[in-house]
Amino acid sequence: MKNLKIIDRSQDERFMREALALAAEGAALGEVPVGAVLVQDGEIVGRGFNCPISRHDPSAHAEMVAIRVAAEAVRNYRLPGSTLYVTLEPCSMCAGLIVHSRIARVVYAATEPRAGVAVSRGDFFGQAFLNHRVMVEGGLLGEESGTLLRAFFKARRG
């Protein structure tokens, strides 16, 4: 995995807090609390939270939703120079979309030990066969994201 030194921590935190707010919005609807925002030229062009249950769509992960919204907004299926902020380490499905979308940078909050492919279950973004390189940074507001996820699952079990 390639680590990226945070360029502007206050901007990164602002965008990650936006993703956390989206995660909380999803949790309020009974969805697993994961949120994502896609930023291009300092502006949010795509927002999303997990919604596979309500949309009856297994691909409706927060990253997928935010990327679809962004691609439509900028009228391009490629999103070069953009940064995706997501509250949970991406899974393999989302990692593939991130590469195909030509997203430059991914910043995630909490690791996903069961299905994350940035570091937890492998280094997807570092694979030699990929034709696009994505800079990845993990852990930004990871404690806040982890707390939201733990509270959600505790309430579901309880």
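**Entry 1: the pocket**

I began with the largest pocket, to whose lining α5 gives the most, with five residues. I took helices (H or I, at least four residues) and strands (E, at least two) as DSSP runs, numbered from the N terminus. The model is predicted, and I therefore kept local features to pLDDT of at least 70 and side-chain atom pairs to pLDDT 80 or more, while totals for chains, interfaces and linings use all residues. Residues are numbered from 1 along each chain as its sequence is written, and side-chain values use heavy atoms, with hydrogens and water left out.

I noted a volume of about 540 Å³ for the largest pocket. Of the 24 residues that line the largest pocket, Val32, Val34, Leu88, Glu112 and Leu149 are the closest to its centre. The elements that give two or more residues to this lining are α2 (52-55) and α5 (142-157). For the search, a pocket is an open set of points on a 1 Å grid over the protein atoms alone where a 1.4 Å probe fits, with protein on both sides within 12 Å along at least five of seven lines; lining residues have an atom within 4 Å of a point. Grid points are joined across faces, edges and corners, and the volume is the space filled by probe spheres set on the points.

**Entry 2: Glu31**

I then looked up Glu31, which is found in the loop between α1 (9-28) and β1 (35-40). Glu31 is buried yet has no salt bridge, and the nearest side chain of opposite charge, Arg156, is 7.3 Å away. Here buried means under 20% relative accessible area, exposed over 50%, and partly exposed in between (1.4 Å probe, protein chains only). Lys and Arg count as positive and Asp and Glu as negative, with His and the chain ends not counted. A salt bridge is a side-chain nitrogen of Lys or Arg within 4 Å of a carboxyl oxygen of Asp or Glu.

What does the side chain of Glu31 meet instead? A polar atom of this side chain lies 2.7 Å from the backbone nitrogen of Ser54, and the backbone nitrogen of Ile53 lies 3.3 Å from a polar atom of the Glu31 side chain. Not counting residues up to four places away in sequence, Glu31 touches several residues (heavy atoms within 4.5 Å), among them Gly26, Asn50, Cys51 and Phe152.

**Entry 3: salt bridges**

I counted seven salt bridges by the rule above. The side chains of Arg17 and Glu144 meet in one of them (3.9 Å, N to O). Arg17 lies in helix α1 and Glu144 in helix α5, so the pair ties together parts that are 127 residues apart in sequence. Both ends are partly exposed, Arg17 with a relative accessible area of 43% and Glu144 at 37%.

Arg47 forms a salt bridge with Glu18, the closest N and O atoms being 3.3 Å apart. Because Arg47 lies in strand β2 (residues 43-49) and Glu18 in helix α1, this pair ties together parts that are 29 residues apart in sequence. Arg47 is partly exposed at 41%, and Glu18 is partly exposed at 29%.

I also recorded a salt bridge between Asp57 and Arg68 (3.8 Å, N to O). Asp57 is in the loop between α2 and α3 (62-74) and Arg68 in helix α3, so the pair links parts eleven residues apart in sequence. Asp12, Arg105 and Glu137 are linked in a network of salt bridges.

Notes: Polar contact = N/O pair within 3.5 Å; in protein donor to acceptor, adjacent residues only side chain to side chain.
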